[in-house]
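Visitor: I have a structure open here and would like to go through it with you. Could we begin with the overall picture and then turn to details?

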Amino acid sequence: MKHHTIQKSIIGIGLFAGCFSSCLAQENKNADTKNRPNVLFIPIDDLRPELGCYGDTTIKTPNIDRIAKEGVVFTRTYCQQAVCNPSRASLLTGMRPDAIQVWDLKTDFRDHVPNVVTLPQYFKDNGYSSVGLGKTFHNTLPDTLSWSEKPHIHGFPFDPDAVYASEKGKKSIEEKKQHYISIGKSTIDQLGHWYLKTFATEMADVPDDTYFDGAQTTLAIEKLQDLKDKKEPFFLSVGYYRPHLPFNAPKKYWDMYDRDAIPLAKNQYVPENSPEYAMNSCYELRYCDDFTDIPYPKGENLSEDRQRLLKHGYFASVSYVDAQIGRLLDALEEQGLKENTIIVLWGDHGWKLGEHNSWCKQSNYEIDTRSPMIISGAGVKSKGQKSNALTEFVDVYPTLCELAGLNLPENLEGSSLVPLLDDTEIEWKDAAYSQFMRHAHHFSKDPNDSKMGYTIRTNRYRYVEWYNWDIERSKRGELVARELYDHFVDEDENINKADSPENNLVVEKLSIKLKEGFKWPSKAKTD
Ligand SMILES: [Ca+2]
């Protein structure tokens with residue numbers, strides 16, 4: 001049996017990344033470029049692993065399931081931080097959030113690792129046409145260096161995640177706009193569009209292409225034809241905005257579900273004995289005009305009607321995106337590109353739909369860190385299989401390099417999953433690592449009270465260590481809390497058992513493993 005325990009250093013390697021990768025690019029270029037496989041890369045915003053191919057029987061995702069039939073569904077893949085920008089920046093650089101120092105929504109990884117070569121950029125440097133549609137990197141940080149081409153669709157805002165098409169929705173936007181004008185405020189983006197968000201959901205009887213995800217699929221299908229004609233391999237990313245809030249989707253996808261038959265979350269309470277800052281505040285949902293009054297996770301439950309509306313909207317949004325993926329797959333087949341194309345589909349983190357009495361993402365819990373990932377198509381031997389191996393988003397970059405026959409840049413922190421794509425049963429990594437930075441203003445009156453939680457997931461346990469965090473100096477302070485969840489008896493992570501004396505030895509071992517994984521000095525700095 002092969003055993004992979006690769007956990008490379010995560011500190012101080014970013015600066016070297018650019019030089020090393022460009023040297024490698026030249027070496028790769030000299031090899032045969034034309035016969036390399038294409039990559040169809042499908043990031044889906046806020047998609048949690050509740051899909052037909054993951055065993056769910058309520059949600060309808062026949063097209064994502066089509067991808068699964070031609071590849072491997074990874075049932076235990078973990079993002080490195082459960083929120084868009086750090087998760088995506090980490091996956092796309094192949095480096096962990098601490099190495100690129102991206103832990104929030106505003107930091108550009110190039111501020112800290114300016115010369116790092118991203119995954120699409122590396123393929124571009126190696127003779128690929130690298131085309132980025134929609135959201136691959138975080139909305140406001142599209143990283144133009146990564147792409148040969150980064151097309152946008154005329155008429156949509158720069159960040160087309162909030163588009164309203166119903167009369168009610170359009171009226172709400174117009175009223176908000178007039179209000180902003182009346183108080184001398186504007187939210188006009190770089191393309192001259194107003195960017196406004198109002199309601200959390202919209203059921204509009206409109207064609208798929210009225211919203212951006214449909215429109216970009218039409219463009220992607222045209223691009224496939226262009227890319228085929230170019231006769232060089234392509235890396236095409238089609239990044240979907242739904243099911244991120246607002247859950248605005250055409251009516252026909254809402255009509256696929258009986259709202260009253262959608263099951264609600266079983267564990268509508270925060271984990272027992274957990275620190276307050278471990279849970280998110282649901283601010284993203286509270287930002288929507290029709291959900292400003294929602295309770296915090298430690299408060300009451302959201303009414304059943306409102307829970308059902310949100311779950312229905314989320315499911316409709318997932319099925320809307322699934323249908324667009326079906327159009328893409330059909331085009332790939334019609335163009336004769338299917339045989340030589342690798343497909344990677346991933347959601348950037350999990351999402352809570354009432355679990356832990358919470359909504360949205362942004363925690364270290366299983367429900368937020370566990371993310372969907374399917375690798376399918378060219379070069380994947382185990383078709384229609386599931387892998388229960390502990391895998392991480394940092395593994396995507398080296399996997400795609402190996403499948404495409406490209407050398408691995410030295411700075412990558414993950415392991416190629418190709419051995420698992422060949423045989424899903426082999427022994428693999430014994431732990432996956434994630435983290436989350438909690439800004440003080442979400443839970444404390446003290447602006448210097450921010451925390452960083454580091455977590456490790458093993459076959460049996462989730463273990464978390466929370467530290468004080470100095471945001472200005474990006475420095476870890478003292479350990480302030482621990483959490484331990486035993487998945488053998490508590491798979492939903494409802495009872496923190498870190499302080500139970502019978503777990504002392506387990507906690508001690510997991511603490512050592514956590515520090516080893518994050519490559520901290522043996523005497524952790526606590527200044
Ligand atoms: Ca996201």
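Predicted model: local features only at pLDDT ≥ 70, side-chain atom pairs only at ≥ 80, totals over all residues.

Visitor: How many helices and strands does the protein have?

Guide: The secondary structure comes to 14 helices and 16 strands. The radius of gyration is 22 Å, close to the 24 Å that the globule rule gives for 527 residues, so the protein is as compact as a globular protein of that length.

Visitor: And what share of the residues is buried?

Guide: Buried residues make up 50% of the 527.

Visitor: Now the open sheet of 4 strands. What is the strand order?

Guide: The order is E13-E14-E15-E16, with antiparallel pairing. Strands E13 (432-438) and E16 (475-486) stand at the edges with a single partner strand each, so one side of each is left without a neighbour in the sheet. From one strand to the next, the twist averages 20°.

Visitor: How many bridges join E15 to E16?

Guide: There are 9 bridges between them. Trp 469 stands opposite Arg 476 in E16.

Visitor: Which helix packs on that sheet?

Guide: Helix H14 (residues 504-517) does, touching E13, E14, E15 and E16. The direction of H14 makes about 60° with that of E15.

Visitor: Changing topic: why is H12 described as largely enclosed?

Guide: Because 8 of the 9 residues of H12 (residues 396-404) are buried. Among them are Tyr 397, Leu 400 and Cys 401.

Visitor: What covers those buried residues?

Guide: The cover includes strands E1, E7 and E10, together with helices H3, H5 and H13. Just after H12, Gly 405 takes a positive phi of about 75°.

Terms used
Residues numbered from 1 in each chain as written. Buried ≥ 20, exposed ≤ 12 C-beta atoms within 10 Å, placed from the backbone. Helix = DSSP H or I, 4+ residues; strand = E, 2+ residues; numbered from the N terminus. Contact = placed C-beta atoms within 7 Å. Rg over C-alpha atoms; globule rule 2.2 N^0.38 Å. Pairing = 2+ DSSP bridges. Axes fitted to C-alpha atoms, helices over the stretch in contact; angles between N-to-C directions.
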